[in-house]
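Please have the sequence and the 3D structure open while reading.

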Amino acid sequence: MDPVTFELIRHKLLRVTDETIIALENVSGSPITNEGHDMMASLYLPNGDLMVGGVGFLHHLTSAAQAVKHVIASFGEDPGIDEDDVYFFNDSYTAALHPPDVYMISPIHFEGELTGFVANFVHVTDIGAVDPGGFSPNAVDNYQEGFQTKGLKIVEGGKLRKDVVETFLNMVRDPGMTQLDLKSQLAANHVAKQRMKRIYGDYGVETVHGVADELIKQSERLVRERLRELPNGTWRLREYIDLPDDTCRVELAVTKEDDTVTYDFTGTSPQAKLGINCCYWATWGAMFAPIFPLLAWDMTWNEGVARPVRLIAPEGSVVNCIRPAPISIATVGTVQIVNNLSTLAISKMFGASERYRHRATAVWHGSHAHVETHGVGPDGEFFIAPLTDTFGGAAGARAFADGVDVGGEIPNVVSRWANAESQELNTPLVYLFRRVVRDSGGPGKFRGGVCHEYAFTPNLPDGAELGLTLFGKGTRAPMSLGLFGGYPGCNVRYSTFLDSNSEDLPSSLEEIEAGEQVDKFWGSVDLRPQDIQFVRFMGGGGYGDPLDRDPDRVARDVSNGLVSSRAANEIYGVVLNGAGIDADATAAQRLELRGARIGATLEPAASERADVAASGRPLGEYLQLSAGGATQCTWCARELAPAGEPWKRHVRTLRSPLTKAGENRSTDEDFALLEHCCPGCGTLLDTEVVWRDDPPLDDDPGLPGREE
Amino acid sequence: MAGANGQQTYVVAIDIGGTGTDCVVVDSAGEVTLGKAFSTPPEFATGILNAVASAAEALEMSRAELLARTSLFLHSTTVAENAVVDETLATGGILVSEGFEDTLFSMRGGYGRWSGLTEEGKRNPIDTDKPEPIVPRSLIRGIRGRNDAQGNVRASVDPEQVERALEELLAEGAESIGVSLMWSIANPETEEAVAEVVRRVCPDAFFSASHELAPIVGEYERTSTVALNVRLGPVVGRYLETLAGSLGEEGFAGVFLVMQAYGGLLPLDKAAQSPVGMIESGPVSGLVGSKSLGEAIGADNIIAADMGGTTFKVGVVRDGLIEYQRESMVLRYHYALPKMDIVSLGLAGGSIISFDERSGTPQIGPRSAGADPGPVVYKHGGEEPTVVDVDAILGYLDSEFFFGGREVLDVDLARSAFEQKVAAPLGMDVMDGAAAIYRLANGLFHDLLHKTTVQRGLDPREFTLFSFGGTAGMHVASYAEELGTPRIVIPYSASVHGAFGLITSDIAHEDQVTQPMHLPADVAEVAGIYEDLEGRIVDQLAEEGFEGEAVRLQRAIDMRYRRQVHILTVPVDSDGPLDEAALERAIERFEDLYREKYGEESAYREAGIELVSFRVRGEGAVRKPDFRHADAGDADASGAIAKRVEAWVPLAEEMREIDGYDFEKLEPGNAFPGPAIVWTPITTVVAGEGQQVQVDEYKNLVITTSVGLAREAEAAVGAGA
């Protein structure tokens, strides 16, 4: 294949996915698709392998591949995959993520021959589950989670099957909007098919498939090369899911060996009673969502990226549940936890590489504190409307820069929220405020991005109620974890204020006065005009030791209202005098805080980073393996642990309440913040969040079989 | 339009570009005179006066004489975008509804981080950041003042609180003030109460209110527009004042009109109130020029593509109307004023070609050699091969004709750079490599153009492609063919295209009322809204000297399907008072337009239709020039053949000796088949195998593609049968 034709066709295939997304956005007038970009469109090969992935929620790129494969295997013969058919698919136990994320799968035929598939998803308005909107916190098993199909021909030979559509719409609460969702999906696939046919016509099916095969090989080669550039080792990570009466662990050991990487979730909690569970393919997709933009940002997103990656997900656990475990909250439940852990795993691998360590990042937007609303609008019609606030996000701090404030998330690189006015145009409510949250970003050498908080009250005629469906995670467990000494971002909060001063439109949390406050984060809430619902998200995780942060940055954050002067003083050790910095007091305070970490009085030199020769085998920001394999602090040069021994067992570890990381952290005593500090200089080498007696996690850098 | 004393009067149009300032003068008979001078930043007035002087000289009069006899002075300037890019903005303070002080800072979440990036850029979030907010948090104050979506005042403005906030902002150094309150567009009462306090506390400060400046739904974009406007206000105001002063000193006493990005002219004082509306008014002038030219030659569906060294700008005229965009960006700042839709793509003649070691494939862009050092072949120090270098290697550029022979071209230098950096790594010889890259570049241009057409829901096969810019003409034959466009026009007026657009523009005021109502609507209420709006605009135009026949009113309604996010602006019959039938027709039009733009399946009619805003555009017709060159004559173009050159033949895909024409010798009516090259003083045009070139009476080059020829043949057969 000549390289120019190759490049020409590659460019065209990418634009096909772009144009499909545009069509999806255009036809769907739904705010969550159009404003939130909760969607995806990709091209697949005749065997279902991912040919070219588009942007949108990236968990779906690989999971939809599995859905296509299932349709081929199960329905290829009966009832057949014929020209201009379209299959409706949303069964998570076979491939999808959760019931409302509907895949629409269209075969692409050229001159009678099946040449591939296009598939897209949107989160449809309703799926007929126990709760309106598709997320079902009240479901106790999968059978209460609405309509689910392993493949249903919704269009046959280009003709929409009225019987199928009407059957489906008969099961949902808001058939008009739901029907529009389906239409947008069909229109988008149509655009992709037209474009692909043109490309097949211009270049020939064989040539185009030659390019696709070559692209897959190329991505596989590139991702393997990148993996080979990273040191071998095993990195261990953990996050918790804090349900109303339960706490689940998701344990991950990522082992990189030569040019492969294995994600092993052994040790993860059994499947939960509530719908946060992931089916296997949801975990598979969730693992990849950060791999594409973080590890494979500069290559084509296709099957080749997936080939060097292996997944071990224990059956019956929250990462590979068994039917009838409920799964409708997976995408903002365990999927997101897996996203977070995958982000951290890649970052830890990068941290162990001289070449890539600058690309390490803490967790972005750890928890979708999502709210679905429903009710009977002023026009007397039943409506369902998700609020798009959760697409605000907050970026994790990076190895070279702060996390972007209210900066989005990793698994959807193009998310955004709708204006409050747009929401109010479509939903009978009034936003009271949307404010950034001071101290919400995880402190660190680089600070995690701040998140926002908001509140609203119904805007309905007297007596009418606005129904809310809540399924929050992260009220107790931090999920936006920090990296290499950075602290986690703040916790999520849901508060319902009953019999409040909503009539006065209080414009901040402080101004809200209420007869009663209920911090319900799971289940249904009926909001009356005199009530207010408040939601706070999670700031991004921090990177590196907060005492290593440039004091000027701290001062700027304080003057911009992003960090409190108390945090500046107590966490960053920066003493401000007015708008300026008291340099001497700051030096003294920082030395004091360092010393306090290890119960010692330190010499001023401890505050300065020593000139430690780089061994070429870094372990994050402040550690490295010496030539002999011992772990060394790169701040003060002290050798911390001999070769082969886990370094955390040889340093000073502090166990503190989560509130040590700043305001608005959970006070749940079951959770603790561990700070691993260099016994020589007090540098904060790493942080962890643990539940009860869970032990700290040890990595095995350079083991086994590291190439020398 | 002769002066009161019977003397000849003139319309003078000045368009400021990056390097040159163009002047077009039109007399009462429609006769056109051109002038040109170098731009003289930062004191542009000097360059402007020089350009006027140059035109005056051609008219054999003094500059002062010409200006004294100028009735209308039309101006388009880049001063607004320059101020944003060069960071020479004024300090502005903003008042917003309490609780929404962080709207600008938050930039709708990740949106501020990824919007404006290429698709490739979006896929790499680690390397993305937001720009600094256009107004920092320290210059934003939250105040009481909040409506709901229905326009009910839910929190009233507290004048004392406003006064305190203003004093703080002024103390922080604000020289201008903006206000943007929630749902002010549904009921201006709140912002009007603020305006009253501003007039009392700081009457001299530049002031903008969001419901007047950008009456759209969406507090982020509306506030951002206000923020940009108040930071531009003092800067642009000083510029216009200085210029008007200089012209006045020279004796100019006519009306000074400034081009707006919505494609109309505003009187100086009005323009100074909304400087954000001047951003990108230059390219918009060009698009208006395309529209006018299209009217003259019978093309009402136009894709106007302007490819220079670093950017490729694309605008669309559909059914004689220019498409509007709602959300625009300058740098990476959003603003929302009706603006003629022009997309800027980062792939053009100066894009650098490289070989990517990792994938073993050639890449075009995203880096550009820009104007400096420029392509290798220009010999200005460029060392990296660009698209233009490939064009040179393929035999298209000719030293004798390039910039009138004023520039030296070194094709050998281009060849060796291309061989070393691209062809050799690809394992190709220079010519094969150049032909392959030419094909690749045309493929990418096609893809980008196609994407912009899909975004607008239009079919390029129904459009005429207008090609502008120094490097466009060497590629358009190929990508137009792939797009299926039947006809390409390379306008004769391309060299002064901005000024041409300016002089074919009309004075235009736009006004609107946002008052969401569901269907069925009360027709009398709607008619009442239009009566008020039109009354205001007619008075305004009368003040500026436009009455009777010279005044044209155009109504439109912003409509949407309820519960959906797309809003469309739909033209409404504009003769006489609005009646039931006219409203009915507008609703039908809305449904048709919606289907056309968003697809057959896109409407959820059952939710009902909502009328969101009511708009009026009032135009005062400005005297138009006659650009007709000569009547079409003989088809024989052989006299214009300058030489035969060995060049790559697009669509035949081979090197061949082909005819090279000297544009200066071509006459209207001349026609010749492709392949051919035409050298004009500003560009080089290449027609491919199987295409047909014709010179029309405006001296435009018109290329009919194989698609167009096939259609003509079909039509001929049809007519014969």
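## Basis

This is a predicted model, in which local features need pLDDT of at least 70, side-chain atom pairs count only at pLDDT 80 or more, and totals for chains, interfaces and linings use all residues. Residues are numbered from 1 along each chain as its sequence is written, chains are lettered from A and ligands numbered from 1 in the order in which they are written, and side-chain values use heavy atoms, with hydrogens and water left out.

Helices (H or I, at least four residues) and strands (E, at least two) are DSSP runs, numbered from the N terminus. Two strands pair if DSSP finds at least two bridges between them. Contact means heavy atoms within 4.5 Å. Axes are lines fitted to C-alpha atoms, for helices over the stretch in contact, and angles run from 0 to 180 degrees between N-to-C directions.

## The sheet in chain A

An open sheet in chain A has five strands in the order E11-E10-E9-E8-E29, with mixed pairing. Strand E11 (309-312) and strand E29 (700-701) of chain A are at the edges with a single partner strand each, so one side of each has no neighbour in the sheet.

Strands E8 (residues 233-243) and E9 (residues 246-257) of chain A are antiparallel and share 11 bridges; one of these joins Thr234(A) to Thr255(A). Helix H9 (residues 334-351) of chain A packs on the sheet and touches E8, E9 and strand E10 (260-264) of chain A, at about 155 degrees to the direction of E8(A). E10(A) and E11(A) pair in the parallel sense over four bridges, and Thr262(A) has Arg310(A) as its bridge partner.

## Two packed helices in chain A

Helix H5 (residues 175-203) and helix H6 (residues 205-229) of chain A pack at about 110 degrees, with axes 6 Å apart. H5(A) is therefore roughly perpendicular to H6(A) (the term covers 65 to 115 degrees). Residues in the contact include Met196(A) and Tyr203(A) of H5(A), and Val205(A) and His209(A) of H6(A).

## The sheet in chain B

Four strands of chain B form an open sheet with parallel pairing, in the order E6-E5-E9-E10. The twist from one strand to the next averages 20 degrees. Strand E9 (residues 176-180) of chain B pairs with E10(B) over four bridges, and Gly178(B) stands opposite Ser208(B). Helix H7 (residues 159-171) of chain B packs on this sheet, touching strand E5 (92-97), E6 and E9 of chain B.

How values were computed:
Angles under 35 degrees count as roughly parallel, over 145 as roughly antiparallel, 65 to 115 as roughly perpendicular and the rest as oblique.
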